[in-house]
Amino acid sequence: MNTRLVKACAAMLLISLLWPEAALNAAQLEDPASSNSIQETSSHERKETRQEKQILTLGQLIKKYPDTFKIHGPHIKQIALTFDDVPDPRFTPQILKILSQNGVKATFFVVGSRARKHPDLVARIVREGHVIGNHSYNHPQFHKLTMAEYMDQIIRTEKILYGITGYKPKLIRPPYGDITENQLRWAKREGYKIVNWNVDSLDWKGISKEAVKRNVMTTAGQGSIILQHAGGGSSSDLSGTIGALPEIIRELKKKGYTFVTLPKLLKVQKDK
């Protein structure tokens, strides 16, 4: 055998053992079609990797999915009051009483595990003309969940609410306002709307009535979606919201605003 050929074969064997990718590249030189196919696959994988790493902010998601992800309504003199983390026997009945006394309908985002414990309160919310939305089963941060876990949070709560109210809420509010693009795309495909807010009372901090009122009144305007709470953890203090709510309603009414539920503000159905 030719000495040069033997050396070349030995070199290729060594390369294939130590650097498999280099051997593959050498093989590609013999088969251009194979080379193109591998390059296309590699390019596709790199593209997917870049997309996975390209995490969009909430602001970017709102701009990218304006029909699915809402934080405010149209610029008309309507405002939507929303209350998270219900039902809660300590606070929800007090909020419902204030709304009834002032002739206001609102939107309540329900936690599934709490709905199971207090179905009567969920039924009361609906009976008194308010709208309910899905606020997950046990209030996790969605970005920390797998897709299967995230879907379970929504569907599990939906089944509970359907059993109590007879409808499956179209509106989802992610706990902490937190959601990923893949989760948002799934919600869009399934016919949901994601609704956060553009006015935050910060009442969950246990702040005073004056602070809650100031946080709302300084930022509320046409088409605002106001975030407050009517439920919380064992140490929650929502006396600030309970004290401020009647004054917030009266003062905004004096300014010519009317209060509507989210489906009316956003012109969507309350159910799927």
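Predicted model: local features only at pLDDT ≥ 70, side-chain atom pairs only at ≥ 80, totals over all residues.
Student: Why is α5 called roughly parallel to α11?

Tutor: Helix α5, residues 92–101, and helix α11, residues 239–254, pack at an angle of about 15°. Angles under 35 degrees count as roughly parallel, so α5 is roughly parallel to α11. Their axes are 10 Å apart, and α5 passes α11 in a right-handed crossing.

Student: Which residues in α5 and α11 meet?

Tutor: From α5 come Q94, I95, I98 and L99, and from α11 come T241, I242, L245, P246 and I249. The residues of this contact divide into seven nonpolar, two polar and no charged.

Student: Why is α7 called roughly perpendicular to α8?

Tutor: Helix α7, residues 119–127, packs against helix α8, residues 147–165, at an angle of about 65°, with the axes 9 Å apart. The range for roughly perpendicular is 65 to 115 degrees, and therefore α7 is roughly perpendicular to α8. The crossing of α7 and α8 is right-handed.

Student: What makes the contact of α7 with α8?

Tutor: On α7 the residues are P119, V122, A123 and V126, and on α8 they are L161, I164 and T165. They divide into six nonpolar, one polar and no charged.

Student: Why is α8 called oblique to α9?

Tutor: The axes of α8 and helix α9, residues 181–189, cross at roughly 45° and come within 11 Å. Roughly parallel needs an angle under 35 degrees, and roughly perpendicular starts at 65, so the angle belongs with the rest, called oblique. That makes α8 oblique to α9. The crossing of α8 and α9 is also described by its hand, which is right-handed.

Student: Which residues of α8 and α9 meet?

Tutor: M147, Y150, M151, I154 and I155 in α8 meet N182, Q183, W186 and A187 in α9. This contact divides into seven nonpolar residues, two polar and no charged.

Student: What lines the second largest pocket?

Tutor: The second largest pocket holds about 190 Å³ of space. Of its 14 lining residues, H139, Y176, W204, L227 and H229 are the closest to its centre. Strands β2 (78–86) and β8 (225–229) each supply at least two residues of the lining. The lining divides into six nonpolar residues, four polar and four charged.

Student: How do you know that the bond between V86 and P87 is cis?

Tutor: Its omega is about 0°, and the peptide bond that joins V86 and P87 is cis. P87 lies in the loop between β2 and α5.

Student: What is noted about phi of D85?

Tutor: Phi of D85 is near 65°, a positive value in a residue other than glycine. D85 is found in strand β2.

Conventions: Residues numbered from 1 in each chain as written. Heavy atoms only, no water. Axes fitted to C-alpha atoms, helices over the stretch in contact; angles between N-to-C directions. Helix = DSSP H or I, 4+ residues; strand = E, 2+ residues; numbered from the N terminus. Parallel < 35°, antiparallel > 145°, perpendicular 65-115°, else oblique. Left-handed = near helix turned anticlockwise from the far one by under 90°. Contact = heavy atoms within 4.5 Å. Nonpolar A, V, L, I, M, F, W, Y, C, P; charged D, E, K, R; others polar. 1 Å grid on protein atoms, 1.4 Å probe; cavity = no way out; pocket = protein on both sides within 12 Å on 5 of 7 lines; lining within 4 Å. Points joined across faces, edges and corners; volume = space filled by probe spheres on them.
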